Amino acid sequence: RSWLIGSPGGNQIINYVARTLVALIDWRMPLQQALALGHYGSRNLQTELEASSEMQALAPALRALGHEVRIGEQTSGLNVIEVAANGDGLLGAADPRREGAALGD
């Protein structure tokens, strides 16, 4: 499989896209499920966790390990198009945090 992935988000784009690739490749999640996962990351400062997501529950354990944790909104707006393995067809998905849709064949 191959994917086309993009997101608005300035300097958070790398975290959004990397997390999505891990979900798709390593965890073999379906597109829409991968996009709905809570966000987390770091931009060389504190560890950032998305508010109102399953990631927020990691804050106490991370703080116990010495991380400075910031919890806030992360409305990525990711979109993914998956190209079928045989090259015959497309499947699209859009981040549920923002408006819009991605459609396939």
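D95 has a relative accessibility of 2% and counts as buried, a label used here for anything under 20% relative accessible area, with exposed meaning over 50% and partly exposed the range in between (1.4 Å probe, protein chains only). The structure is a predicted model, so local features are given only at a pLDDT of at least 70 and side-chain atom pairs only at 80 or more, while totals for chains, interfaces and linings use all residues. Residue numbers start from 1 along each chain as its sequence is written, and side-chain values rest on heavy atoms, with hydrogens and water left out.

Now for the charged pairs. A salt bridge here is a side-chain nitrogen of Lys or Arg within 4 Å of a carboxyl oxygen of Asp or Glu, and searching the whole structure turns up 4 of them. D95 takes part in one with R97, where the closest N and O atoms are 2.8 Å apart. R97 also meets the side chain of E50 in a salt bridge, at 2.7 Å from N to O. That pair links distant parts of the chain, since E50 belongs to strand β3 and R97 to the segment after β6 (90–94), 47 residues apart. Helices (H or I, at least four residues) and strands (E, at least two) are DSSP runs, numbered from the N terminus. E50 is buried at 7% relative accessibility, whereas R97 is partly exposed at 21%.

Another salt bridge joins R70 to E48, with 3.2 Å between the closest N and O atoms. R70 sits in strand β4 (residues 69–72) and E48 in strand β3 (residues 47–50), so this pair ties together parts that are 22 residues apart in sequence. E48 is buried, with a relative accessible area of 5%, while R70 is partly exposed at 31%. Through shared partners, salt bridges join R43, E48 and R70 into one network.

E48 turns up again in the lining of the largest cavity, along with Q12, N15, Y16, H39, Y40, G41 and Q74. A cavity is a set of points, on a 1 Å grid over the protein atoms alone, where a 1.4 Å probe fits but cannot get out, and lining residues have an atom within 4 Å of a point. Helix α1 (13–25) and strand β2 (40–42) each supply at least two of the lining residues.

Key
1 Å grid on protein atoms, 1.4 Å probe; cavity = no way out; pocket = protein on both sides within 12 Å on 5 of 7 lines; lining within 4 Å.
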